Amino acid sequence: MGFVKPSPQPVEPTVFLRLPLRERVRVLSTHWVDEGFGTPRALHIVYIVKMLGLYFGVGIWIASATSGIEFTDVGGWYRNIVVYQKLAVWLMLLEVIGLGGAFGPLCGHFRPMIGNIRYWIRPGTLRMAPWGGRVPFTGGDERTWFDVALFAGVLAALVHPLAAQAEPVPSEFLPAGTGPQDIVPPHCFLPVLVLMPLMGLRDKVVFLAGRSEQYLPIMLFSALMGSIGGAADFVDLVVVFKIVICVVWIGAGVSKFGAHFEHVVPPMVSNSPAVPGRAVKRLHYRDAPDDLHPSRVAWFMAHIGGTAVEIIVPITLLLTTDPTVALTGALCMLAFHVFIASTFPIAVPLEWNVFFGFIAIVLWVGFDPGTYTVWNLTEPILLVPVLALLLFGPVLGNLRPDLVSFLPSMRQYAGNWAASVWAMRPGVEERLNELPGVENQIDQLQRMIPTPYERDDAEMTLQKALAWRSMHSQGRGLFSLLYAHLADIETRTVREGEFVCNALLGFNFGDGHMHDARLVAAVQKRLCLEPGDLVVVWAESQPIHRRTQRYQVIDAALGVVERGTWKVADCVAEQPWLPNGPVPLNATWTADGYHRRQTLGTTPNRPGETLV
């Protein structure tokens with residue numbers, strides 16, 4: 001990859017676009033091995049400046065300006081608990097605005113590079129209520145002035161604790177050996193604790209974009225336990241903060257059990273500008289470019305460097321009272337997050353990694369583990385409600401992923417995602433621009449600065465997202481559905497559902513629940529497409545106790561036309577381009593009159609029925 005220009009395409013775009021879809025996937029997936037997304041290095045500099053300057057630098061400045069910390073006192077950055085509180089609120093605000101993980105080209109926002117707030121401050125744009133709007137007063141899919149006002153209230157509620165002057169904790173309420181401490185006044189968190197859940201009931205996308213499953217518990221415990229009336233109270237608060245971050249780590253580690261995650265590591269490493277040379281990248285594949293299965297190196301990186309680290313180290317940190325062990329563990333988690341950030345993973349959760357890596361230092365280096373440990377909780381019974389609250393989402397989400405987003409399930413970047421691929425007849429993608437606030441990525445790329453893309457080059461660039469999806473387990477199943485169902489697949493515009501979702505809703509972080517049948521229905525209500533114009537293949541995450549994934553085939557005009565399952569083992573056994581044909585698909589339900597690979601008709605039909 002170049003500094004200003006993207007890496008050269010593996011073949012001329014005009015030649016590439018004449019190839020069959022399966023061959024296009026092969027070309028781009030093997031190209032991804034060496035070049036990743038091919039992003040110019042200058043863009044990585046933008047991300048680094050945003051990550052370290054806007055988030056960390058400005059965040060520390062805000063904490064120091066509103067507390068007793070001196071900005072130039074680096075030791076104060078990790079020895080005062082107010083830094084933990086302020087950085088969490090600051091990151092949530094950036095995420096909701098769109099300057100966090102969903103920012104920029106690596107998340108499908110090419111020009112402008114920000115989505116989120118541009119959509120959510122505008123009435124008429126699409127919104128997605130949780131659980132299909134079955135909660136009273138949450139139905140519908142259009143943003144109203146009430147939703148806009150509620151979103152503005154969320155922004156104000158987040159600014160409030162950021163701007164609030166922290167209160168010093170009286171020295172008599174601090175354990176011996178603890179330096180000066182400040183905390184945000186507990187009442188400052190109440191507005192966001194009320195408004196963000198209400199916002200989530202109206203639009204789950206805003207709630208999830210703010211990473212509420214991780215930051216709201218910090219604010220909740222700050223509000224409930226922040227009135228310090230003794231040294232024991234302060235110890236309990238810090239220990240609960242430690243439990244919050246460890247649940248996130250351990251949940252992520254547990255989510256990496258199974259066959260998915262080792263298929264995540266190779267394409268993630270291939271996308272890293274920090275990896276020196278192609279040879280190191282190819283070490284993660286069995287025999288690139290002919291065999292893109294994960295190698296033993298990838299297995300080790302996934303399950304030892306990933307799964308084991310995220311479970312064993314946090315448990316050790318929770319239980320240890322030894323400062324040396326705590327320091328070693330905190331540095332281990334810091335290195336873990338630095339490595340993830342260095343790969344610039346798709347969805348670019350860079351600030352999140354900065355926060356968790358740095359806060360490991362705050363909680364285990366800044367606070368003596370001999371004093372601030374679960375063994376010193378004033379009331380051990382406190383562990384019951386704390387763990388019940390924090391574990392509810394991960395437990396339910398792993399057992400019933402259809403009910404819980406993969407974010408509250410703590411399955412961040414584990415490869416076990418709900419996902420979709422959209423296949424559109426010619427002209428349909430252009431019609432998506434008719435939706436309020438929407439501009440397709442193909443058009444955005446042609447307006448990129450400093451160098452606009454030619455249309456064929458832009459098309460080829462977007463199809464790299466399809467190659468990325470094909471390199472993951474569920475991608476093989478989704479492409480199998482396309483080949484099995486659409487006889488005219490070579491004439492269609494095929495797009496990665498996560499990128500489409502970014503254009504339609506302003507945000508996506510790998511959660512296929514945002515671009516399922518409900519979003520397709522919202523698009524259809526506005527565009528009135530004909531049967532067959534837009535066909536979406538969609539898959540649910542794999543439950544932890546099953547070996548299959550459930551899928552749906554959705555026609556925008558006709559609804560779901562087929563449901564079924566595939567075996568995860570069949571998907572991971574194949575190459576990304578499926579040289580042996582589609583993986584076995586077990587259809588469990590088919591709409592009346594529907595037959596695979598036959599042209600869908602245009603005659604009016606009964607609800608739930610497909611004509612051929």
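# A walk through the predicted model

Phe 137 is placed in the loop between H6 and H7, where helices (H or I, at least four residues) and strands (E, at least two) are DSSP runs numbered from the N terminus. The phi angle of Phe 137 is near 70°, a positive value in a residue other than glycine, and at 78% relative accessibility Phe 137 counts as exposed, a class that begins over 50% relative accessible area, with buried meaning under 20% and partly exposed lying in between (1.4 Å probe, protein chains only). Val 348 also has a positive phi although it is not a glycine, here about 40°; Val 348 sits in the loop between helix H15 (323-342) and H16, and with a relative accessible area of 0% it is buried.

This is a predicted model, in which local features need pLDDT of at least 70 and side-chain atom pairs count only at pLDDT 80 or more, while totals for chains, interfaces and linings use all residues. Residues are numbered from 1 along each chain as its sequence is written, and side-chain values use heavy atoms, with hydrogens and water left out.

Taken as a whole, the protein has 24 helices and ten strands. For 612 residues a compact globule would have a radius of gyration near 25 Å, and the protein, at 24 Å, agrees with that; the radius is taken over C-alpha atoms, and the globule rule is 2.2 Å times the number of residues to the power 0.38. Along the principal axes, the C-alpha atoms fill a box of roughly 80 × 55 × 50 Å. Buried residues account for 62% of the 612 residues, and the protein exposes about 22,300 Å², of which carbon and sulfur atoms supply 64%, the areas coming from the Shrake-Rupley method with a 1.4 Å probe and, for residues, only the protein chains shown counting as cover. Among contacts (heavy atoms within 4.5 Å) between residues at least 6 apart in sequence, 73% join residues at least 24 apart.

Val 244 belongs to helix H11 (residues 231-255) and is buried, with a relative accessible area of 5%. His 263 is placed in the loop between H11 and helix H12 (265-270) and counts as buried at 4% relative accessibility; once neighbours within four places in sequence are left aside, the residues in contact with His 263 are His 293, Pro 294, Met 471, His 472, Arg 476 and Val 572.

The charged side chains come next. Side chains of opposite charge can pair when their charged atoms come close. A search of the whole structure finds 26 salt bridges, each being a side-chain nitrogen of Lys or Arg within 4 Å of a carboxyl oxygen of Asp or Glu. One of them joins Asp 203 to Arg 143, with the closest N and O atoms 2.9 Å apart. Because Asp 203 lies in the loop between helix H8 (190-202) and helix H9 (204-209), and Arg 143 in the loop between helix H6 (117-120) and helix H7 (145-163), this pair ties together parts that are 60 residues apart in sequence. Both Asp 203 and Arg 143 are buried.

Another salt bridge pairs Glu 429 with Arg 495, the closest N and O atoms being 2.7 Å apart. This pair links distant parts of the chain, since Glu 429 is in helix H18 (residues 428-431) and Arg 495 in strand S6 (residues 493-496), 66 residues apart. Glu 429 counts as buried at 4% relative accessibility, and Arg 495 is buried with a relative accessible area of 5%. Asp 488 and Arg 492 also meet through their side chains in a salt bridge (3.0 Å, N to O); here Asp 488 counts as partly exposed at 25% relative accessibility, whereas Arg 492, at 6%, counts as buried.

One joins Arg 111 and Pro 112, with omega about -5°, and Pro 112 lies in the loop between helix H5 (81-97) and H6. The peptide bond from Ala 288 to Pro 289 is cis as well, with omega near 5°, and Pro 289 lies in the loop between strand S3 (285-287) and strand S4 (291-294).
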